[in-house]
Amino acid sequence: MALTRREMLKLGIAGSAAVALPLQRVVSGAVAQTRIAESSLPAPFTVPFAVPPVITPHRTDATTDYYMLTQKQSTVQILPGINTPVWGYNGIVPGPTIDVQQGRQVLIRQVNKLPDRHPIAGYQPWTSTHLHGSPSLPQFDGYASDITRPGQYKDYRYSNTESARTLWYHDHGVHHTAENAYMGLAAFYRLHDPLEVSLPIPKGNYDIPLMIHDAMFATDGQLIGDDHDHSGIMGDVILVNGRPWPVMQVEQRKYRFRILVGSMSRSYRLKLDSGQMMTVIAGDGGFMPVPQPVSVLRTGMAERYEVIIDFANIPIGQRVVMRNLPRSDSDDNNISYTHTDKVMAFDVVAPSSSSANNEIPAVLDPNNPVMALQPAQAVARRTMKLDRSKGQWTINGTSWADVVASGYKKVMANPKLNDIEIWTIENASGGWFHPLHIHLVDFKILDRNGLPPLPQELGPKDVVYVGENETVRLIMRFGPHLGKYMIHCHNMVHEDHDMMTQFEVGTGGPDPIRAALPKWGSPPAP
Amino acid sequence: MSIETEIQPVGSPAVGAPPAVAAKCSASRRAVALGAFTSAYAGLVHLVVAPEHLGHWWVFGVFMIAVGVGQIGLAGWVLRRPGTSSAMVGILGSLAIVAVYFVAHTRGIDIGPAGDDGHGGGHDAETAGPAAIAATVGELVTIGAFITLLPLMLRRRVVNLLGALGLGAWALWLLGGLG
């Protein structure tokens, strides 16, 4: 007997649910967001500059500082008068800055109270927190597949034995690092040591963090996260510490700026319109042996450069603009918009109120062990080829999917503890630039296309900018921990799709996923 | 009266049967043929995509092969022995596969090497691709065709159950339970 109308109705309800509900995720994800009009954006250099707040520990004891950070959604006005939902550590973007003294242990309880689904993309926002620049144990390193789901929390422990440097903590959750970080899960972490204290470089109010990233906004204030076929997320607004093209009031003296490119995919060529030099005093892994003045600072995603800018000779009332030069070559993968050539401005408003720590020493850290590494010490040489295959970004033809499929056993290299190796990073395809990040270690850049590294690269690094058709050689010592650590492109879109693999130092290190499992519930402060 | 006695073997209409009975037999034969065809079609789709799933994790690949072989086998069984048993197996089997599809493409299924121990990895809801949609449509048609082969009381219960499941799914979506 054929189906009756009533039966057809009931089966129609079931059938439509079965077909349409799975499809609505595709359809809603494909809905084009309308970019906010340029005329609605603030004019560059009209928004006051600000630095992220420094958070104090919830408690301390003889050895350890204890923090609790809650990853949660909040609504902020990044563009004046326009509400934008963001995800921040403690609900702020960038998250709170953590200041730590070398040798003090830190425990951070990371609580995931994000919504169950991303408002546009619809995925579940699991997170994994990476303290970038720290040689953390594997289970506290933000291993991509070591995820903490909404409703869970995890305690991360850091020993902070490394040298003074600018670190940052950011999300590293598998396949959604770019979206989570773009929503705001990124913040500074500054490690101080006696050498830094002894140097007469600008400190305190003259030690300024600058997290530079770009974003694009929809007419409803939401962030637009178009990744251009997994190539990159590009914004038309340049943000510094979460503010669009801000203007900072400065005194006639030297300032130390900790520059971090927090963009998902955009690189920068920073230059001051006054023609002044910026003096690089530190890289990702801490102080350079000697300062390196540069007129243009090329920097990619996740690289940190500390520069000193001297405003002493700038007349009061004059403005200095930090610009972002377009790249001169034809392979520029950054997408330019009207004001992406501007970053921020400095208005010189007063004479120096303090003459202390107003110098650039001739020598900074001549004894950094990383910079003492010599090629003759290397016990192995490896090559990492960066490429794209079947729509996925790969390293030596493999991706994180291969690591997952192997049950996390597949490794690209297996050096013994304290082995020294030379890695050659080849980006022969010319399709994109790739800032490659190697977890756990600091490295020294030996050469770039057979030539000496750029001046700003003459210090310890953990991210290397590998431009189109470039080959870079690195030397590093593997330690201080055993275990599995990631290697990946820090274009977070590439990382998510799926330019990430891993190496293992020795054998028998802690399991990055199971050694410290997250827990369910709303925890008290640690 | 069970359907085994209602349905004439395909290709052998009842000689001298009244027009109403003959029409009913003809409709049943069409339902058997349609359900068998769509089941076999969905099975072929699963076999075609099995290598891709094997590449992700061997268990996924084996599951796809088992589903594909099962659906093609079901088609043969229904054609050879049309009846309540084979129709119910077809309905419940197809419903189970549709349910897996539904969960995998709305909430995600957290199993496999990226989700061992219930932790680690992280499985997203998959994007519903053309092959998955094509197979699901085939399975829904299979269910609809085989329902017409059930005895009246059983048929009413199955249709009511499916309607309730559909309403539940829509309600879950409206309440935000599907993200």
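How much space lies in the largest cavity? About 130 Å³ of space lies there, and the structure holds one cavity of 30 Å³ or more. This is a predicted model, in which local features need pLDDT of at least 70, side-chain atom pairs count only at pLDDT 80 or more, and totals for chains, interfaces and linings use all residues. Residues are numbered from 1 along each chain as its sequence is written, chains are lettered from A and ligands numbered from 1 in the order in which they are written, and side-chain values use heavy atoms, without hydrogens and water.

**The cavity**

- A cavity is a set of points on a 1 Å grid over the protein atoms alone where a 1.4 Å probe fits but cannot get out, and lining residues have an atom within 4 Å of a point.
- The lining of the largest cavity has 17 residues, and those nearest its centre are Val93(A), Ala181(A), Tyr182(A), Gly184(A) and His213(A).
- By class, 13 lining residues are nonpolar (Ala, Val, Leu, Ile, Met, Phe, Trp, Tyr, Cys and Pro), four are polar and none is charged (Asp, Glu, Lys and Arg), with the others, Gly among them, counted as polar.
- The largest cavity lies between domain 1 (47–193) and domain 2 (204–351) of chain A, because both give residues to its lining.

**Two helices of chain B**

- The axes (lines fitted to C-alpha atoms over the stretch in contact) of helix 4 (residues 84–106) and helix 6 (residues 152–174) of chain B come within 13 Å and cross at roughly 5 degrees.
- Helix 4 and helix 6 of chain B are therefore roughly parallel to each other (angles under 35 degrees).

Key: On a 1 Å grid over the protein atoms alone, a cavity is a set of points where a 1.4 Å probe fits but cannot get out, and a pocket is an open set with protein on both sides within 12 Å along at least five of seven lines; lining residues have an atom within 4 Å of a point. Grid points are joined across faces, edges and corners, and a volume is the space filled by probe spheres set on the points. Domain bounds come from an automatic or database domain assignment. Axes are lines fitted to C-alpha atoms, for helices over the stretch in contact, and angles run from 0 to 180 degrees between N-to-C directions. Helices (H or I, at least four residues) and strands (E, at least two) are DSSP runs, numbered from the N terminus. Angles under 35 degrees count as roughly parallel, over 145 as roughly antiparallel, 65 to 115 as roughly perpendicular and the rest as oblique.
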